[in-house]
Amino acid sequence: MVVAIKVSGEERGRWAVLHVAGELDLVTSTTLRRRVHDEVAEGRHHLVLDLSGVRFCDSSGVGVLIAARRLLRSCGGRLRLVLPAGGGQDAHVNKVFGALGVRRLFDVYGTLDEATTEEEPSQVSA
């Protein structure tokens, strides 16, 4: 079985950044879930998920993002998403967020630089 997701990490100031590329679905979402849990277990509670490389996301993928938000909030942390507003391959994720009505749950930024430098969230979290 070929897993069609790649998750790589880096640190930017107080933010741990996970770059996610590929497909975020029922099969691959466990990879992202595990990485988020690993980051939290290592004491990193301010996390940015860079989704600009995600070309497909289903409800399982969105479920992992919601669970990550809940986990980070439970330990006093923050979750930010990088989701460019352009019409490229990332447009699919924006459409899924819109269809499910979950975009308002997340602090969403257009670029990684914005997500790791702005102090206050760009949107109010529910």
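Colleague: What is a nonpolar core?

Modeller: A nonpolar core is a set of Ala, Val, Leu, Ile, Met, Phe, Trp, Tyr and Cys residues that are buried and joined through side-chain atoms within 4.5 Å. Buried means under 20% relative accessible area, exposed over 50%, and partly exposed in between (1.4 Å probe, protein chains only). This model is predicted, so local features need pLDDT of at least 70 and side-chain atom pairs pLDDT 80 or more, while totals for chains, interfaces and linings use all residues. Residues are numbered from 1 along each chain as its sequence is written, and side-chain values use heavy atoms, without hydrogens and water.

Colleague: Which residues touch the most other members of the largest nonpolar core?

Modeller: That core has 29 residues. The ones touching the most other members are Leu32, Leu49, Phe97 and Phe106.

Colleague: Which residues is Leu32 in contact with, leaving aside neighbours within four places in sequence?

Modeller: Contact means heavy atoms within 4.5 Å. By that rule, Leu32 meets Val7, Leu18, Val20, Leu24, Leu49, Val64 and Leu65.

Colleague: Which residues of α1 are buried, and what arc do they cover?

Modeller: Helices (H or I, at least four residues) and strands (E, at least two) are DSSP runs, numbered from the N terminus. In α1, the buried residues are Ser29, Leu32, Val36, Glu39 and Val40. Taking directions from the helix axis to the C-beta atoms, they lie on the same side of α1, because their arc is only 100°.

Colleague: What do the buried residues of α1 pack against?

Modeller: On the other side of α1, Arg34 and Ala41 are exposed. The buried residues pack against β1, β2, β3 and α2.
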